Amino acid sequence: GIVGQEDFGIPITVRMKECPPVIFAVRSETDVTFGGTPTVFICGQRLAKAFNIMSLLTGEEIGQVCADAEKSFHKDVIEFHFDDYQKILYITGATLRCYSISHGYDSPQSLVTLYNIDFKQLYVQQKQTIVTQYGRVVKHRKPPPDVFDDFSSAIQDVDYENEVDLLHAVVTLPEGQDGTKAILYFIDEPTGRVIKEVPLPTWEPDEDNSVYYELDCIVHVVENYNRALCHYYRLVRH
């Protein structure tokens with residue numbers, strides 16, 4: 001194309017003699033992200049270990065998400081939902097929380113907790129419960145050793161599949177002396193209910209792992225300096 005013709009426009013050099021007026025300013029120690037309707041933004045304070053949900057129109061605080069001191073081994077992540085900017089996802093350690101920004105016609109915006117999933121606690125409960133071949137449920141009073149290792153318990157990745165309205169989370173959990181176990185959890189997005197879990201026996205804790213999910217297909221890629229392995233899983237209905 002030729003500069004000056006349609007779709008290219010005319011280049012103009014703008015010379016500014018003074019700074020334009022500031023229309024938005026905020027002090028934050030973390031990344032500032034925007035979403036919601038009306039628009040809200042998320043900012044954070046590292047020392048206070050808290051994230052503030054603020055209204056862009058009024059500058060007032062809608063709510064605050066506080067970090068869990070017991071899960072300080074891993075970096076906390078807070079972001080707007082993949083498909084709904086009225087929702088906020090917060091990841092700390094092996095816990096996933098979902099908040100909703102709600103408001104009425106005459107009421108101010110507020111932050112409401114929709115669900116809270118502690119994958120480590122869920123895993124411990126499953127390990128404590130054994131179903132015999134006769135259908136009898138046996139529960140252990142004491143959890144297995146090393147299962148409360150907060151350092152090994154972490155959400156590695158969260159993604160969303162809009163065609164089936166499911167969140168899927170890759171979670172690593174300690175497995176006694178055998179090392180780290182990785183599980184792919186499928187979560188019903190509206191309710192936060194875990195509907196299925198798929199173990200990933202090919203997980204390598206000391207290498208770069210990537211998990212992709214599409215409908216009934218799961219792809220797990222393990223990479224290091226010398227090689228890349230691709231593991232393919234297919235979900236089968238029973």
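# Reading strands, sheets and cores

An open sheet of 3 strands, ordered E15-E16-E17 and paired antiparallel, is part of this predicted model.

Me: How many bridges join E16 to E17?

Reply: E16 and E17 run antiparallel and are joined by 7 bridges.

Me: Is His220 buried or exposed?

Reply: Buried means under 20% relative accessible area. His220 has a relative accessible area of 0%, so His220 is buried. His220 lies in strand E16 (residues 217-223).

Me: What does His220 touch, and which side chain does it join in a polar contact?

Reply: Leaving out residues up to four places away in sequence, His220 touches Thr202, Trp203, Asn209, Ser210, Val211, Leu229, Cys230, His231 and Tyr233. With Asn209, the side chain of His220 makes a polar contact of 2.9 Å.

Me: In what order do the 4 strands of the other open sheet stand?

Reply: The order is E1-E2-E3-E4, with antiparallel pairing. Strand E1 (33-35) and strand E4 (61-66) are at its edges; each has a single partner strand, so one side of each is left without a neighbour in the sheet. From one strand to the next, the twist averages 25 degrees.

Me: How many bridges join strand E2 to strand E3, and which residue stands opposite Val40?

Reply: Strand E2 (residues 40-45) and strand E3 (residues 50-55) run antiparallel, joined by 6 bridges. Opposite Val40 is Ser55 in E3.

Me: With which strands does E6 pair?

Reply: One partner is strand E5 (residues 77-80), which pairs with E6 in the antiparallel sense over 4 bridges. Phe80 has Ile88 as its bridge partner in E6. E5 and E6 form a hairpin, with 6 residues between them. E7 is another partner of E6, again antiparallel, over 6 bridges. Here Ile88 has Tyr99 as its bridge partner in E7, and Lys87 has Ser100.

Me: In the hairpin of E6 and E7, which residue takes a positive phi?

Reply: That residue is Gly93, with a phi near 60 degrees; the hairpin has 2 residues between the strands.

Me: Which residues have the most contacts inside the largest nonpolar core?

Reply: Phe119, Ile155 and Val171 have the most contacts inside this core, which has 19 residues. At least two residues each come from strand E6 (87-92), strand E7 (95-102), strand E8 (110-118), helix H1 (119-128), strand E11 (154-161), strand E12 (166-174) and strand E13 (180-188). E12 supplies the largest share, 4 residues.

Me: What does Phe119 touch?

Reply: Not counting residues up to four places away in sequence, Phe119 touches Ala94, Leu96, Ile155, Ala169, Val171, Leu173, Tyr185, Ile187 and Val194. There is also a second, separate core of 13 residues, which includes Phe51, Ile53, Ile78 and Leu111.

Me: How many helices and strands are in the chain, and what share of the residues is buried?

Reply: The chain has 1 helix and 17 strands. Of its 238 residues, 36% are buried. The chain exposes about 15900 Å², of which carbon and sulfur atoms supply 51%. Among contacts between residues at least 6 apart in sequence, 31% join residues at least 24 apart.

Terms used
Residues are numbered from 1 along each chain as its sequence is written. This is a predicted model: local features need pLDDT of at least 70, side-chain atom pairs count only at pLDDT 80 or more; totals for chains, interfaces and linings use all residues. Side-chain values use heavy atoms; hydrogens and water are left out. Two strands pair if DSSP finds at least two bridges between them. Axes are lines fitted to C-alpha atoms, for helices over the stretch in contact, and angles run from 0 to 180 degrees between N-to-C directions. A nonpolar core is a set of buried Ala, Val, Leu, Ile, Met, Phe, Trp, Tyr and Cys residues joined through side-chain atoms within 4.5 Å. Buried means under 20% relative accessible area, exposed over 50%, partly exposed in between (1.4 Å probe, protein chains only). Contact means heavy atoms within 4.5 Å. A polar contact is a pair of N or O atoms within 3.5 Å; within protein, one must be able to donate a hydrogen and the other to accept it, and residues adjacent in sequence count only if both atoms are side-chain atoms. Accessible areas come from the Shrake-Rupley method with a 1.4 Å probe; for residues, only the protein chains shown count as cover.
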